[in-house]
Amino acid sequence: MPETFRFKSPEEIREEEIEARIKERGPEGEILGGIIFEEEEVIDPETGEKTIKRYIYIGNPYEERPLIIKLETYATKEDIEAIKREIIPMRESFEILVAMAMTYKRRQPLLIEAPTAIGKTYLAEKFTELLYGRGVKPLDFYCSGQTDVSELMGKWVPKAETEEEKRRWNEFLELSETQIQISQIAQEVEQKTWLSPEQKLNLIRTKLQELAKQAGLSERTQWQFQYGVVPKAMGLIKNPDGSFSFDEQKGEGFILHIEEVGLAEPQVIDVLLKLRGKRGQLAEEIQLWENGGRKIKSGPKFWVFFSTNPPEEYLARNEVDPALARGVVFKRMTELSEESLRLASDYYFTYKLGKKPEVKPEGCILDIYNHSDIGKEVAKVIAAFHNDLNKELKKGEKGRRQRIPLTLDDMARVADALIYNQIRDKETGRLDLTATLINLINFYYIDRLADEDLKETMKNNLKELLEGDTGKIEFEGKIITRKEIFDILVERASLPEEEKRRMKEKEEEEQRRKLEQAKNDAEDALDALLKNPNIPDSIKKLLSE
Amino acid sequence: MDKEQLNTFILLLQNVRKQPSRIFDLGLIVKEPGSELQADEIFNEVRKIVDIEQIIYDETAIDEKVFEKIIKAFEGNKWIFLEIKKDISSPLLNQLKHLANYNSFQLLDYRGKDVFETKMPESSRVIVFAERDFIENKITYPHFYTLFGPVLSLE
């Protein structure tokens, strides 16, 4: 059968080029792609005017055939490069970024249920920066059992004149009866459909005056409506100077991250359900009965990202509300894999993220951030210890009601403290890396434990990992403890430059000598074979060739 | 009180910035059940090391006043010693979380701005002080400890 040929269209060639860049890896297999920046010339169909638009492409570089999402951005190429350097290229990070990009593009709300350590908040910030440029943060709202509906949607506030009046009103607001009365006002207004918007507002003001009287405020109190975080995010406009303005009808909309939504009470969930729109997208507008039924339009760039920790991380905690889960794109993720944990540890302890100190700081004996060979060994120890402790903590701790899961921040703290808080070996005068690490791990990981038995076990495990027989690993052909490895590496790194140069020359000379020796040995062996009378001439001919 | 421990705690708060965003931690000082130490004594010890402002969050505290005090302390490059004596309200928790995640305050409709954002200066830090029993039994937010980096436990 004849082979069929087909020419690839320019679009197809372009797609393949983008995919190759998304999947790009460095010489050691490290991820370089995932996020790419492009500028494109766009011609306005009406005016014919040419403009340059900026785009980012996001895809999961771990996938053989990744879905790639293209989004317009305000960020510059330099911004994107800097942001990329701040993201540890773990598989889970790209899964989250791709989910964000896909749902953002389709105006679908996203809910990610994942453990604390996975970096939901951090990636929400980075995603916002990828779209708006460095330093721009999403609007953030954190739910708790105490979250009030008014914080999300809005509230009437009295223009209290004196501190005493403010205090009285705040105390009054905290009463549960007050909260009930305020929600009753909104319900009453909602039911009186025959009233005009103006009449509804008048009714609200009358009712509020009654409340003010109950709180001990003057009957002539002036009131103003303050929008909550949801309508604000729907109508925000990001100004070129970085500030925000708000327009309830013509706003662009912005990114809203509602965190720990699993902690929200049912009345808060009811309010969040108002954000559901047609065909799984976000609502195009919401109506605020608290404000006389006024409608707020949702701008084209309004997007909501909900996040929560899995129920097993809490005691006495509800799962995500099923109605909310149905109304969003729901993604459940598990713990970071051990591979990702090792990758993160390697990035932290080789100081690949962000800038390294330009001058050796006070308290720093050895500029460990310039010695990635040491960092790589430390990273292995921390990743192993972190993983072990995390497994123990998941079982819950004796003597503590709250659970304290580990996060990648714990590693990041040890990595940074390792620069500034080093202990000197009194005998050698060099950095005592083992003692320093034990000290910092105790401070950042072990001191938090309430369970004394677990504390003792983890201290012993750490000692065994660093100095015991079971912690021994192969290093340069020998089986030795991590402490011994650290001592060797620190000694090498602490040598004066002249000494290091001499050592390197000596090593190279040794290598050359070994190569020469190997070559001579091979020649001798060949010579011996050629002189061997038992070997046929045909073989000898082949050997000499 | 172990002054060396307190010094290490302050030093780590001052120096350590978490990769990759170079964020400073919030610090937590916990008074354990057997401890005789009072918040004022700790505050006075910390005051000998850094320029710090004390804020007491108790039944009489109003959130917006607390925010004002914190912002003013930041404007004066001061540290904050926030003594928690009542369960943390949702608005304060929101700001503490924002401080922990981004080292900044984010308030709506504040000082004439739709979104008011102010960064914690490099020379300021926040230390929260609370009793262990109070944290375990009165604070309803289940992830309270995760707001903090270094924790100093006063036995």
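How many residues does the contact take from chain B and from chain A? It takes 50 from chain B and 57 from chain A, where contact means heavy atoms within 4.5 Å.

This is a predicted model, in which local features need pLDDT of at least 70, side-chain atom pairs count only at pLDDT 80 or more, and totals for chains, interfaces and linings use all residues. Residues are numbered from 1 along each chain as its sequence is written, chains are lettered from A and ligands numbered from 1 in the order in which they are written, and side-chain values use heavy atoms, with hydrogens and water left out.

**View 1. Area buried between chain B and chain A.** The size of an interface is often given as the accessible area lost when the parts come together. Here the buried area is about 4600 Å². Buried area is the accessible area (1.4 Å probe) that two parts lose on being put together, summed over both. Carbon and sulfur atoms give 50% of this area. In chain B, Gln19(B), Pro20(B) and Tyr102(B) lose the most area to chain A. Together they account for 16% of what that side buries.

**View 2. Salt bridges and polar contacts between chain B and chain A.** The salt bridge count is six. A salt bridge is a side-chain nitrogen of Lys or Arg within 4 Å of a carboxyl oxygen of Asp or Glu. Lys18(B) forms a salt bridge with Asp409(A). Their closest N and O atoms are 3.4 Å apart.

**View 3. Leu82(B) in strand β5 of chain B.** The strand covers residues 79-84; strands (E, at least two residues) and helices (H or I, at least four) are DSSP runs, numbered from the N terminus. Leu82(B) is buried, at 0% relative accessibility. Buried means under 20% relative accessible area, exposed over 50%, partly exposed in between (1.4 Å probe, protein chains only). Leu82(B) touches Ile55(B), Tyr57(B), Val66(B), Leu96(B), Ile127(B), Val128(B) and Phe129(B), not counting residues up to four places away in sequence. Leu152(B) is 70 residues from Leu82(B) in sequence and 14 Å away in space, C-alpha to C-alpha.

Terms used:
A polar contact is a pair of N or O atoms within 3.5 Å; within protein, one must be able to donate a hydrogen and the other to accept it, and residues adjacent in sequence count only if both atoms are side-chain atoms.
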